[in-house]
Protein chains: 2
Amino acid sequence: MNRTLIATLPDHVGETVRVQGWLHATRALGRTNFVLLRDRSGVVQILTPPDGARDLPPRESVLEVEGQVVRDARAALGVELHAPVLTVLSPSSGSPALDLAKPALTASLPFVLDHAPVSLRHATRQAAARLSAALVQGFRTALEAEGFVEVFTPKVLGTATEGGANVFRLDYFGRAAFLAQSPQFYKQMLVGALERVYEVGPVFRAEPHDTVRHLSQYTSLDVELGFIESWRDVAAVLQRVMAAMMRSAPSTIPGVPVPPVPDPLPVIHFADALEMLGAALGADLAGEPDLAPAHERWLCEWAETQYGSDFLLVVGYPLAHRPFYTHPDPERPGYSAGFDLLFRGQEIVTGGQRLHRHADYLAALSARGWDPTPYASYLEAFQAGMPPHGGFAIGLERVVQKLVGAANVREVCLFPRDVHRLAP
Amino acid sequence: MNRTLIATLPDHVGETVRVQGWLHATRALGRTNFVLLRDRSGVVQILTPPDGARDLPPRESVLEVEGQVVRDARAALGVELHAPVLTVLSPSSGSPALDLAKPALTASLPFVLDHAPVSLRHATRQAAARLSAALVQGFRTALEAEGFVEVFTPKVLGTATEGGANVFRLDYFGRAAFLAQSPQFYKQMLVGALERVYEVGPVFRAEPHDTVRHLSQYTSLDVELGFIESWRDVAAVLQRVMAAMMRSAPSTIPGVPVPPVPDPLPVIHFADALEMLGAALGADLAGEPDLAPAHERWLCEWAETQYGSDFLLVVGYPLAHRPFYTHPDPERPGYSAGFDLLFRGQEIVTGGQRLHRHADYLAALSARGWDPTPYASYLEAFQAGMPPHGGFAIGLERVVQKLVGAANVREVCLFPRDVHRLAP
């Protein structure tokens, strides 16, 4: 007899079926005993004899159950299994570290993360994993439809050239090498070949930040495209991609409120944002190079009121505070054509237009007093003719965190890595 | 005027269009001069005045051209552009390091790889990149249809526990850490939560092999599924996945011969393979723990003759030579339920059934004299009840190499990493 998935049992009322899964919990209602069995599709309650719980193996043991599907409106699934024959496929060695049948994981976060092989079995963790997968599917679908090609780039680099000191150093056959902080240089070089590329992959940040929103490895959804007129073309792709991601969410996570993605995204210039923040907070923010987290939260509340939008695109961050490859805003000297997308109080995307002329790269490096030698390969792409281009990178875990309303990004990452955590 | 992609020009005969791309080459046919312009979709020839080539910028400069689409059967595209108005969007700084208009890149492989930002613009390199992307799309589509969930696992590990000394070591906030050789432990742990998972991601091998088929970073297509009866269930998924990958190829790369994937895959037991090889090669191979590359080539020729198949599944590798988590073959003591898939003379997939009982893991570690302490998190998954499960990992670059018939795997990897190469 083939296995029947639990979620499909309502289609088999009156039949004898075989289900397989984990012993989720036992329940006694008056003189009636139930075994709850969980598989990847759902949980079913199985009516067992009064003494049926006596010989049960511990929770999380893997069982096979043959039984009859009986309609019962009181069961969450609308059906339950009667007259079960239970076989233990693989016993657990005792009660699991966490109670997976409770609606929430109430243990401390470090304990939950230490026991990831068990805690990831909890409904909330499975939901976050499925939501992550669905968002990435939406991301890819939108980009494939617009002629983007998926690429796979090196995560081990010979030079730490992208900027910032926060890189992990490794021993590469006796030489120093570095983990990639992003696929930035590669995706730009590939615009010269494929025009439109994207990558879904791990990036590594050796930032010693111990906050609820920083991970040392996260999943970056990277996009780069050529033949743009300005950052607005990049923002338009971002709007469509984000809308596709949000559309992909509801089928996976019923109950997660999925926000609309306005088209176009509401935009505020960095300088205007500072001015507004200064007035609202009674602070002198003139000359600030970046937005503080509190400013991002304030701006998101403003966008919610002003536009009814959970998203706000802040453009024109000061050029001096953006990476050297950032294109200046042709209309506002000192400001860049770079943007961040804020979502529910937090930055989830960084992007913008990049420089594309070789001479501009040499000037940008020179202005920072940087030797162009380590950039030779990167610069060769611009020597060889590069179209105006731009792109963005979405931090997957942050989007999921904000969508499910998790207080800490570690709650939505399968096996998080941070300044303290390297296991499991 | 909106940009028109070159491949769609035959739909615009008689119209004035705007195209954008790279100055691919110039051509003089008698007294007629052409500029060839390349974009991501193709190449168009543009009729230029007799002195039109005089003011042209160097090859690979980025141009915008407005012109009239005229039917001409002599043109490869069936149309060409007349009366062009050329604008230079972004000049190149001189002739590129390689001639991209020739049918093949004839420079030495190190030179080609050193100049990846240019060489990746060549038609053959673009084709390999698009083929890689298409194969991964096929891989995902097949798995999504069967209820697999995409996952994202850590690439930085606190312990080098998977086996083998060939791991890269890094400095992780002052502690030793290691780059993941595979997502093996994680995908198994996730079977306990999601039952069916897959991952597309980089893996890192610090093997000092300097061969045409080894990379220190490659793209691993990983699959793991629970509730199997035996390795045959895993092989059946592999067959469907591989068939979907091959189906995805032709639309991308016309001219690449795409082999059929027999259902089921032809299978030979490792012991029978050794016996056959011994007889054919007149060698005593009894007790050999693995197949040599020459053996794999011989077996593939045999499978071609015997089954008309480019694929051959070799199952039952000696248990002692497989990783400790490999399930034994219940029918043949000393042999495993592990397999390799050979394709056109080369191993492209490793997989099989894994152990699933906690006690079996303790015994397997003990038999090797290994301390179970560093495996505590991994073992917790089996303590908590794990179904019979198995999976496999496909080496993407090797599949592409064999499909396009490249002599060296580095020819089909965008930016290869090996014992000598860390750039670009």
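1. In chain A, helix 3 meets helix 10 through Ala128(A), Leu131(A), Ser132(A), Leu135(A) and Val136(A) on the one side and Leu396(A), Val399(A), Val400(A), Leu403(A) and Val404(A) on the other, where contact requires C-beta atoms, placed from the backbone, to lie within 7 Å. The residues of this contact divide into nine nonpolar, one polar and no charged.

2. The model is predicted, with local features needing pLDDT of at least 70 and side-chain atom pairs pLDDT 80 or more, while totals for chains, interfaces and linings use all residues. Residues are numbered from 1 along each chain as its sequence is written, and chains are lettered from A in the order in which they are written.

3. The axes of helix 3 (residues 123-144) and helix 10 (residues 396-404) of chain A come within 10 Å and cross at roughly 120°. That makes helix 3 of chain A oblique to helix 10 of chain A, since angles under 35 degrees count as roughly parallel, over 145 as roughly antiparallel, 65 to 115 as roughly perpendicular and the rest as oblique.

4. Chain A has ten helices and 16 strands, these being DSSP runs of at least four residues (H or I) and at least two (E) respectively. Of its 424 residues, 50% count as buried, that is, with 20 or more other C-beta atoms within 10 Å of their own.

5. Between the chains, 79 residues of chain B are in contact with 78 residues of chain A. On the chain B side, helix 3 (residues 123-145) of chain B supplies the largest share, seven residues.

Key
Axes are lines fitted to C-alpha atoms, for helices over the stretch in contact, and angles run from 0 to 180 degrees between N-to-C directions. Two residues are in contact if their C-beta atoms, placed from the backbone, lie within 7 Å. Ala, Val, Leu, Ile, Met, Phe, Trp, Tyr, Cys and Pro count as nonpolar, Asp, Glu, Lys and Arg as charged, and the others, Gly among them, as polar. A residue is buried if 20 or more other C-beta atoms lie within 10 Å of its own, exposed if 12 or fewer, and partly exposed in between; C-beta atoms are placed from the backbone.
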